[in-house]
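Morning, everyone. Please have a look at the model on the screen, and then I'll walk you through a few parts of it.

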Number of protein chains: 2
Amino acid sequence: MNQQRAILDGLRIVEFSAFVAAPTSGLSMAQLGADVIRVDPIGGNIDIGRLPLDRNGRSLYWASLNRGKRSVELDVRSPAGARLMAELITAPGEHGGIFVTNLPVDGELGYEALARRRPDLIMVQLAGSPDGTNALDYTVNCAVGFPLLTGDGRAGPINSVMPAWDVIAAMTIATGLLAAERHRRLTGEGQFVKLALSDVAMATTANLAYVADAQVNGGERRADGNYLYGAYGDSFATADARYLMVVAISDRQWRALMKATGMGDALQAAAGALGHRLDDEAGRYEARELISAFLRPWFARRTLAQIAALFTDRSLLWGPYRTVRQMLDEDPRCSEANPIFRNVEHPGIGTVLTASTPLAFGASPRVPPGVAPRLGEHTGAVLADVLGMDAAAIEGLRAAGTIGGGAAGAS
Amino acid sequence: MNQQRAILDGLRIVEFSAFVAAPTSGLSMAQLGADVIRVDPIGGNIDIGRLPLDRNGRSLYWASLNRGKRSVELDVRSPAGARLMAELITAPGEHGGIFVTNLPVDGELGYEALARRRPDLIMVQLAGSPDGTNALDYTVNCAVGFPLLTGDGRAGPINSVMPAWDVIAAMTIATGLLAAERHRRLTGEGQFVKLALSDVAMATTANLAYVADAQVNGGERRADGNYLYGAYGDSFATADARYLMVVAISDRQWRALMKATGMGDALQAAAGALGHRLDDEAGRYEARELISAFLRPWFARRTLAQIAALFTDRSLLWGPYRTVRQMLDEDPRCSEANPIFRNVEHPGIGTVLTASTPLAFGASPRVPPGVAPRLGEHTGAVLADVLGMDAAAIEGLRAAGTIGGGAAGAS
């Protein structure tokens, strides 16, 4: 094992981005050791002040999604700034020449112009919809059916708070980028890789068999509360006003649940009376309301701690619902007991439990979680390092207003 | 452009899996052209009959998540079957020696034993929790806070129907696999790559600044209906009982929304009276209830078609809520007008609009969406092709009950 080099050490990616998906793709690459250079316009991009903020008005969102990246601040709308950014993207080096963006770019920053500078360029561009119209997680999620399948269906659609399509798109960008880099290593050929957020969502919805179910069976799935689809699973309130989720997919999990709750015989008799079969997952799915009717009072009479003390069989598949605060207070998986998390001092913000990549590579060291740069912090350093500029040239660009980053940025 | 070869053409991956995350990772690789060989026990793994089913009882879920893979059926619990699977995983070839699993494996199929057969093996293993205890999307999702932030918070937690953590884990597996394959290409070294579903969920929750918000600001975010967090966005019912989502993050999107609805002046006056500022996203987020109170009657008086006719400004960020059926009927992005989708005849099931990868590679052709194999369909062919076995040897294994796949499987 090479103790010194993270798995993507040396790979250089220029990111020109805003919001969630593209910055998260860059974060995932930085967490694997890549040198991710986020380029922003002077003063920052549209997401620079995105909520939540800390007490001093600094965006915790920006500070989280840009961890471990280098920040370059330049006047991207000026010809000189756009040219400088094109030079950064296309600078030589077998591990460079990779550009990720979710923003509309053209002229010097379009693929054609960039590929003239460096023919083996890899450029990955995320759009909202394939026709180039804008879309974001919420306006994509409403299009693919899930909000109308969430909750009990009585109160109209229920949005997902977690931007799943953004995060899936981020990891799809990472996959596409590494696939293209592999192709370049094997053939010398670069390429333009495109994807759209709506395609990510619609392809996933189809992959999960929602489209096949609608087309082949002609029906339409309905909102079904907190039941798991296709096997048995439901949520329950406890005596101390907590909630937990219980799932039984395998027969072993089901037997463990019946044993732990002592409900097996009574439930079997009731199921028999109604013609339900409880000996396979489809039968238990059919009988889900009956099963929950039996289990609900059992959980309601016990506290979460009492249930946890009874639910020690490792075949049981269950967990308490937690708020983020409760996750931090109660779950050792979200603490420094887990090697993916470290308490990190974020300058000006405070100490935050901060994640590295969830991937553990046996032959490559984990990159400790980093902090986000100040906007423009590495402007001078990146121009010196990647483009070989001397201090005088950098000062000239700063005096002309082509770059930001201030005096500290040149260090 | 090489017209003949998909981006991952030639890469050979053995998948030993069940449920959503690991099969989806294999699907994503197959969609990029990799030769993904799914190995199942005789009769199939635990997910072989997972709902939804078609009228003949065939799992649409299995048929969707295993498209474009080759299927090998063997008695994995017997020593001879385990040895055969180990030979498939570790067969020579610079593009082979890659194993993905979400199942507990040991003995001949553990990393140590496999790496003795092939030292440059890449093995990616997904667990539920880092301590090896089981967990699935529902029991992970309840742990990270989102169900208690979904909906209006009055009726307890609301589960996500879309298994986001599974799909994010799938694409994290794909990213980790390609990163490890890059490392092997550069150094010759293989490795064991591990991840846990709960780590994927908890790291993502932390990355999205939920942990920082709780730790630095001390508060706890609350369920907030269908409002977007941090800017303006909400859902509305129309006169014809449809719903739509409207978002304004940028000032340009906000101005377009005010112009299209004609609400600007009246809303500005009301906001002024209440001390709200509408000129930036944080101010609009503060004023979200007032804004929705103004917009709700406007939408309620108009049909979805009338609104669509008025909402032609491309700066407007909005979309109708659709069921899966409505997505198929109304949205051209989910049709053959979109090159990622093709109507595909799935043998024995029928015609289904089927997705290829959402990634478009400029220098590599798109792999047309395939169909799932019959269980064991390629057992004989894979043993011949990867291990060089002759027909007599394959028949011997079949006679001994070590492999399945029947006569058709040998073709």
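Let's start with the surface. Chain A has an accessible surface of about 14700 Å². Carbon and sulfur atoms account for 52% of that area. Keep in mind that this is a predicted model.

Now the overall build of chain A. The chain has 411 residues, and 62% of them are buried. Its C-alpha trace spans about 85 × 45 × 45 Å along the principal axes. In secondary structure, chain A holds 17 helices and twelve strands.

Next, charges. Chain A carries 39 positive and 43 negative charges.

On to a sheet in chain A. A quick reminder first: strands of a sheet pair through backbone hydrogen bonds, either parallel or antiparallel. Three strands of chain A make an open sheet, in the order S7-S8-S9, and the pairing is antiparallel. Which strands sit at the edges? They are S7 (232–237) and S9 (317–320) of chain A, each pairing on one side only. From one strand to the next, the twist averages 15°.

Let's zoom in on one pair. S7(A) pairs with strand S8, residues 243–248 of chain A, in the antiparallel sense, over six bridges. Here is one bridge to find on screen: A:Tyr232 has A:Ala248 in S8(A) as its bridge partner.

Helices pack here too. Helix H9 of chain A, residues 251–261, packs on the sheet and touches S7, S8 and S9 of chain A. Its direction makes about 130° with that of S8(A). Then there is helix H12 of chain A, residues 288–300. This one lies across S7 and S8 of chain A, and runs at about 30° to S7(A).

Over to chain B. Here we find an open sheet of three strands, ordered S7-S8-S9 (chain B), with antiparallel pairing. Its edge strands are S7 (232–237) and S9 (317–320) of chain B. Direction ignored, neighbouring strands of this sheet are turned by 15° against each other on average.

Strand S8, residues 243–248 of chain B, pairs with S9(B) over four bridges, in the antiparallel sense. B:Val247 has B:Leu317 in S9(B) as its bridge partner.

And the helices of chain B? Helix H9 (residues 251–261) lies across S7, S8 and S9 of chain B, at about 130° to S8(B). Helix H12 (residues 288–300) lies across S7 and S8 of chain B, at about 30° to S7(B).

Last stop: one residue, B:Leu397. You'll find B:Leu397 in helix H16 of chain B, which covers residues 391–399. Is B:Leu397 buried or exposed? Its relative accessibility is 18%, so B:Leu397 counts as buried, because the cut-off for buried is under 20%.

What does B:Leu397 touch, leaving aside its neighbours within four places in sequence? The contacts are B:Leu84, B:Leu383, B:Met389, B:Thr402 and B:Ile403. Now find B:Gly81, which is 316 residues away from B:Leu397 along the chain. Their C-alpha atoms are separated by 9.0 Å.

That's my tour. Over to you.

Definitions and conventions:
Residues numbered from 1 in each chain as written. Chains lettered and ligands numbered in written order. Predicted model: local features only at pLDDT ≥ 70, side-chain atom pairs only at ≥ 80, totals over all residues. Heavy atoms only, no water. Helix = DSSP H or I, 4+ residues; strand = E, 2+ residues; numbered from the N terminus. Buried < 20%, exposed > 50% of the residue type's maximum accessible area, 1.4 Å probe, protein only. Areas by Shrake-Rupley, 256 points an atom, 1.4 Å probe, with all protein chains shown as cover. Lys, Arg positive; Asp, Glu negative; His and termini not counted. Charge placed at Lys NZ, Arg CZ, Asp CG, Glu CD. Contact = heavy atoms within 4.5 Å. Pairing = 2+ DSSP bridges. Axes fitted to C-alpha atoms, helices over the stretch in contact; angles between N-to-C directions.
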